[in-house]
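Here are my notes on the charged pairs and on one helix contact. Please read them with the structure open.

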Amino acid sequence: MVKKIHQEKMIEQYVKDDIFGQIARHFMETGKFDPFSAKLPDTSVHFEEIREKLDDNEVIYRFFPYKYFEQLLDEKQMAFISPLVYDDDEKEAECFDEYKNEIYKNLVQMYDNNQIDFNEAGIKKTGNKCIDLMNVSARWQKIYEYCRRNVFVSCWTFNDHSNAYMWKQYTKNAPDAVAIKTTIGHLKQAIEKTGHGRHALGKVKYIDWQKEKISFLSLNNISTLNSLVCSLLYKQKRFENDNEFRLVIDNLTCNSTSWVQRSVNTIIGDKDFDYDQYFLEDEKPTKFLKETIIPDILIDEIYLSPYVNEESLKKIRNKLSVQVFRPKNIIKSTLSNAEEVQAAEAVAK
């Protein structure tokens, strides 16, 4: 249950943002009471390019086991995965660990520079640096975990359909696997008419944590949610074979008030915000967030697995034949040469 003070604060902010006024006016005009008639802040789709300007014409691919490709066509939805799933995968969790380490270093400097507002956060400042930093760190950890439950990622690659590593790593060379080809621009267009909220886009930067520092943190402006989104565009250098492009969404920049935005983009939070509301014993975190897309706009070409057999080919063709969606091309993928296949599969093991 959300704390009463949290509910009261949210209602207060709704009034300030004229949410109830919009609902009342809609009722007067139509005679229908529709709580969803109000437009909350940031409900429209908007894209943020992280680190560098992107070329909408640049080609990207996504490799699918058949069942996920089938879901994409049937549901007309694209699944974004929660970073919480990465906890089972050491290579994906590293960016979060490094990010947290950098935050903790900055907390000490902010405390020394008297940049932390204890009153706004509802935390008592004792004057004992050790105790104060322990309390501040504990609060920030709650904000961080709250935000991490509300961020989701869609992973793509600049590697094309002839890349043996990608088939091995992401489809386990299943004969019914497929890869879809699109462009960054078509991906955005497929979302624009049906999606909502912020979409952060960027090429993954592969760095050596021991030699390079994450560049998005600023001592004077640590925005927890925004920084967490940026951290998802970093990965250990030894995984640069993935050559990834990522689309990151969160369900906090849509249908939420300015108070929510301020409370999740701060270093120690607001005293009235209930950061514990999703951490009850029976509250399981959401592993996937699905966003509606238009497959006909998204998909330029479909590539069948280089290991496709007759049974799989028939299944895929039958599936596509009953779809309103019609891809421009359905192509059987081929791998470049035997040496490349052996080298890439050795990397994938």
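**Notes on a helix pair and the salt bridges**

1. Helix 3 (residues 66–75) packs against helix 12 at an angle of about 10°, and their axes are 11 Å apart. Angles under 35 degrees count as roughly parallel, so helix 3 and helix 12 are roughly parallel to each other. Bear in mind that this is a predicted model.

2. Which residues make this contact? From helix 3 come Tyr 66, Phe 69, Glu 70, Leu 73 and Asp 74. Helix 12 contributes Lys 315, Ile 316, Lys 319 and Leu 320. Sorted by class, the contact of helix 3 with helix 12 has 5 nonpolar and 4 charged residues, and no polar ones.

3. Lys 315, named above as part of the helix contact, also meets Asp 176 in a salt bridge, with 2.8 Å from N to O. Lys 315 belongs to helix 12 (residues 310–321), while Asp 176 lies in the loop between helix 7 (164–171) and strand 5 (178–183), so the pair ties together parts that are 139 residues apart in sequence. Is Asp 176 buried or exposed? At 17% relative accessibility, Asp 176 counts as buried, because the cut-off for buried is under 20%. Lys 315, at 34%, counts as partly exposed.

4. In general, side chains of opposite charge can pair when their charged atoms come close. The structure holds 16 salt bridges. One of them joins Lys 129 to Asp 112, whose closest N and O atoms are 3.0 Å apart. Lys 129 is in helix 6 (residues 129–148) and Asp 112 is in helix 4 (residues 90–112), so this pair ties together parts that are 17 residues apart in sequence. Lys 129 is partly exposed, with a relative accessible area of 35%, and Asp 112 is also partly exposed, at 47%.

5. Lys 142 forms a salt bridge with Asp 276, and here the closest N and O atoms are 3.1 Å apart. The pair links distant parts of the chain, 134 residues apart: Lys 142 is in helix 6, and Asp 276 is in the loop between helix 10 (258–264) and strand 10 (288–292). Both ends are partly exposed: Lys 142 has 37% relative accessibility, and Asp 276 has 30%.

6. How are Lys 235, Asp 242, Glu 244 and Arg 246 linked? Salt bridges join these residues in a network. Please find Lys 235, Asp 242, Glu 244 and Arg 246 in the view and trace the network of salt bridges that links them.

Terms used: Residues are numbered from 1 along each chain as its sequence is written. This is a predicted model: local features need pLDDT of at least 70, side-chain atom pairs count only at pLDDT 80 or more; totals for chains, interfaces and linings use all residues. Side-chain values use heavy atoms; hydrogens and water are left out. A salt bridge is a side-chain nitrogen of Lys or Arg within 4 Å of a carboxyl oxygen of Asp or Glu. Helices (H or I, at least four residues) and strands (E, at least two) are DSSP runs, numbered from the N terminus. Buried means under 20% relative accessible area, exposed over 50%, partly exposed in between (1.4 Å probe, protein chains only). Axes are lines fitted to C-alpha atoms, for helices over the stretch in contact, and angles run from 0 to 180 degrees between N-to-C directions. Angles under 35 degrees count as roughly parallel, over 145 as roughly antiparallel, 65 to 115 as roughly perpendicular and the rest as oblique. Contact means heavy atoms within 4.5 Å. Ala, Val, Leu, Ile, Met, Phe, Trp, Tyr, Cys and Pro count as nonpolar, Asp, Glu, Lys and Arg as charged, and the others, Gly among them, as polar.
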